[in-house]
Amino acid sequence: MADLTRIAQIMAEAVNGPGRPSVPERLCAACVEALAVDSAAITLMADTGHRAGIWASDDRARLLEERQFSLGEGPGVDAFRGRRPVVVSDLLSPAEVRWPVLVADLAAAAAGIRGLRGAYAAPLHLGSASIGVLSLYRAAPGAPGMAEIADIQVAATSVTSPSSAPSWRRPTARRCSPGSTIRRSTGSRWTRRSA
């Protein structure tokens, strides 16, 4: 088991670090540094199951997250839907029957994705709302032990802590008076009219 204070410090440094890459990407890199994992990904989702964004420590994790959510099955999808962690000893094991389409897809995929074998997916929450998943991957098969799971929970809590949460929030809608103009990021203009 790693020093939990050290893990929290690494995660805090990721949040407070310089602006590039983004906070979620820095948090993924911090997970790889602080935990016994080779890749990490954060996927934000809506309750409807639609993805709002994927950030990863590397292309392998990003591709694996994209495949799971495109196929609609996998440890990240199950962790989000079930609101509980999902552990996978070996994604490519013939005994892994929970996600037959994903396993078949991974077996046929490029070597870059196949290089990830063990997985742990932890749901992310802001208050009572599920907002996504923290997925951690290892190149070697194997499930994390109890001490490693405690370390992972510190990292997952850090991802949604108040210091990192503002970077996840969407801008809030504001009321406007009739005739006022709202600018969207696309540069188009909307005008609210009186009824």
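Predicted model: local features only at pLDDT ≥ 70, side-chain atom pairs only at ≥ 80, totals over all residues.
Residues count from 1 along each chain as its sequence is written, and side-chain values use heavy atoms, with hydrogens and water left out. Local features need pLDDT of at least 70 and side-chain atom pairs count only at pLDDT 80 or more, while totals for chains, interfaces and linings use all residues.

**View 1. Confidence along the chain.** The protein averages a pLDDT (the predictor's confidence in each residue, from 0 to 100) of 78, with 73% of residues at 70 or more. Strand 3 (residues 86-88) comes out highest, at a mean of 97, and strand 7 (residues 189-191) lowest, at 34. Helices (H or I, at least four residues) and strands (E, at least two) are DSSP runs, numbered from the N terminus.

**View 2. The largest nonpolar core.** A nonpolar core is a set of buried Ala, Val, Leu, Ile, Met, Phe, Trp, Tyr and Cys residues joined through side-chain atoms within 4.5 Å; buried means under 20% relative accessible area (1.4 Å probe, protein chains only). The largest has 26 residues, and Met 11 and Cys 31 are among those with the most contacts inside it. Helix 2 gives the most, with 6 residues.

**View 3. Around Met 11.** Contact means heavy atoms within 4.5 Å. Leaving out residues up to four places away in sequence, Met 11 touches Leu 27, Ala 30, Cys 31, Ala 155, Ser 158 and Val 159.

**View 4. Glu 96, tucked into a loop.** Glu 96 sits between strand 3 and helix 5 (100-108), and counts as buried because its relative accessibility is 12%. Its side chain makes a polar contact (N or O atoms within 3.5 Å, one able to donate a hydrogen and the other to accept it) with that of Arg 98, at 2.9 Å.

Note on methods:
Buried < 20%, exposed > 50% of the residue type's maximum accessible area, 1.4 Å probe, protein only.
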